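Hi there,

Here is the structure I promised to pass on. Please have a look at it first, and then read my notes below.

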Amino acid sequence: MLKGYVPPYNATVVQKLLDQGALLMGKTNLDEFAMGSGSTDGIFGPVKNPWSYSKQYREKRKQKSHGENEDSDWLITGGSSGGSAAAVSAFTCFAALGSDTGGSTRNPAAHCGVVGLKPSYGLVSRHGLIPLVNSMDVPGTLTRCVDDAATVLGILAGHDPKDSTTIQDPVKPFTLPSLTDVSKLCIGIPKEYLTPALSSEVRSLWSKAANLFESEGAKVIEVSLPHTSYSIVCYHVLCTSEVASNMARFDGLEYGHRCDTDVSTEAMYAATRREGFNDVVRERILSGNFFLLKENYENYFVKAQKVRRLIARDFVNVFNSGVDVLLTPTTLSEAVPHTEFIREDNRTRSAQNDIFTQAVNMAGLPAVSVPMALSSQGLPIGLQFIGRAFCDQQLLTVAKWFEKRVQFPVIQLQELMDDCSSIFENEKLASVSLK
């Protein structure tokens, strides 16, 4: 729909980075209009997870596959901001921006072994971010460590006159203190997040992380978020409803793609939107318009808004009970091969992969996914920390402590680098001999 379109202005987050001397390397691939949870539905094709080519994963595969073609079944990055996660994971940049509506920075961060931060709603300006769900969208960051996430957030956070939802108070850049004593912390473990679909490895690491906090003197308690089971359904009703409203601007009249049909304005609208949107986007627009029909509005949209209020209240109640930070899984399992991921439709995949992440967006809370360890397959598994609204600094301080304790291994792409070096050497020799 926006092929060849050049925006006339920068997004506030981009401008803030440029003002601080950041070098903008380029734009990354993502699911079309950020609708998806695997980064497999982008106009440029699916994003491949750099861990598909890591030494850790390839060695594990060789033990099991006995000579299978290594490049035939690469891994997904998660989505929708998979390109950003892949760019950071593969050491091509210091940090990358993503958008987080239901977990779109935390999900790929967990699969790619990087830190994915979703700030509090209203802390970072949404001006210039193509809206998906206005009431949940937050620009997120992907970095290789928690300190880098804090550095970028310090630059991006603060009031923006162009975005009325941002906080009025000035926000100063901050450096994270090195937390040495966690004995005064209370860590909450939501019992509803222990779902049957959760892989045994993620469950085990989640338990180990809780034990780590407990062994260092922190108070670890089981808490209840009773409306969790309704959150994914509630999220999809609200998400598609706002999508239907937001996507109405792409009509072929003012900017973006326009079809060649000139029979009537209505026919031009219909043909433009059929050509310009992929199946996933069209499906969400149709679903959202169904929920917003006059006869359905009360039964679907209004009820979902009421359930959203209950979900947000669950978090408030837990934090008011003395809990400082919640510890949860980020994803159900490690990254899966592309062929396995595309067996199910986008709607089903999104419902499964956003199960631990979307409730945070509905409540407007900050959350960060931190890589913890490698699975038996040699792939990263991340855990999620959820904080109180606008207590992003405290959240990142706890995440930094955790990151230091677990010492997540760096991705080893050395074989790939050696291959590249040999190619460059051969090219140099060829150019010398030609001279």
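Helices are DSSP runs of H or I with at least four residues, strands are runs of E with at least two, and both are numbered from the N terminus. By that rule, Phe-290 is found in helix α9 (residues 279–291). Before going further, the provenance: this is a predicted model, in which local features need pLDDT of at least 70 and side-chain atom pairs count only at pLDDT 80 or more, while totals for chains, interfaces and linings use all residues. Residues are numbered from 1 along each chain as its sequence is written, and side-chain values use heavy atoms, with hydrogens and water left out.

Let me start with the annotation. UniProt, in an unreviewed entry, places the feature "domain: Amidase" at residues 1–54 and 76–396; its positions are given in the numbering used here, feature names are shortened, and annotations may be inferred rather than shown by experiment. Residues 1–54 are 15% helix and 0% strand, with the end C-alpha atoms 35 Å apart. For residues 76–396 the figures are 41% helix and 14% strand, and the end C-alpha atoms are 27 Å apart.

Now the interior. A nonpolar core here is a set of buried Ala, Val, Leu, Ile, Met, Phe, Trp, Tyr and Cys residues joined through side-chain atoms within 4.5 Å. Buried means under 20% relative accessible area, exposed over 50%, and partly exposed in between (1.4 Å probe, protein chains only). The largest core has 86 residues, of which Phe-315, Phe-385 and Phe-402 touch the most other members. Helix α14 (residues 392–406) gives the largest share of this core, 7 residues. Apart from it lies another core of 10 residues, including Tyr-53 and Trp-74.

Two residues show what packs where, taking contact as heavy atoms within 4.5 Å and leaving out residues up to four places away in sequence. Among the residues that Phe-385 touches are Phe-213, Pro-366, Leu-395 and Phe-402. Thr-397, in helix α14, is buried at 9% relative accessibility and touches Leu-176, Pro-177 and Leu-179.

Next, the charged pairs. The structure holds 7 salt bridges, each a side-chain nitrogen of Lys or Arg within 4 Å of a carboxyl oxygen of Asp or Glu.

- Asp-100 pairs with Arg-106, the closest N and O atoms being 2.9 Å apart, and both residues are buried.
- Asp-147 pairs with Lys-400 at 3.4 Å between the closest N and O atoms. This pair links distant parts of the chain, 253 residues apart, from helix α5 (residues 146–156) to helix α14. Asp-147 is partly exposed at 32%, whereas Lys-400 is buried at 8%.
- Glu-216 meets Arg-405 (3.8 Å, N to O). Glu-216 lies in the loop between α6 (200–215) and β5 (219–223), Arg-405 in helix α14, 189 residues apart. Glu-216 counts as partly exposed because its relative accessible area is 33%, and Arg-405 does so at 35%.

Finally, back to Phe-290. With a relative accessible area of 39%, Phe-290 is partly exposed. Together with Leu-293 and Tyr-300, Phe-290 forms a nonpolar patch on the surface with about 250 Å² of accessible area. Patches are made of residues with over 30% relative accessible area and no salt bridge, joined within 9 Å for like charges and within 5 Å for nonpolar side chains (Val, Leu, Ile, Met, Phe, Trp, Tyr). Areas come from the Shrake-Rupley method with a 1.4 Å probe, and for residues only the protein chains shown count as cover.

Best wishes
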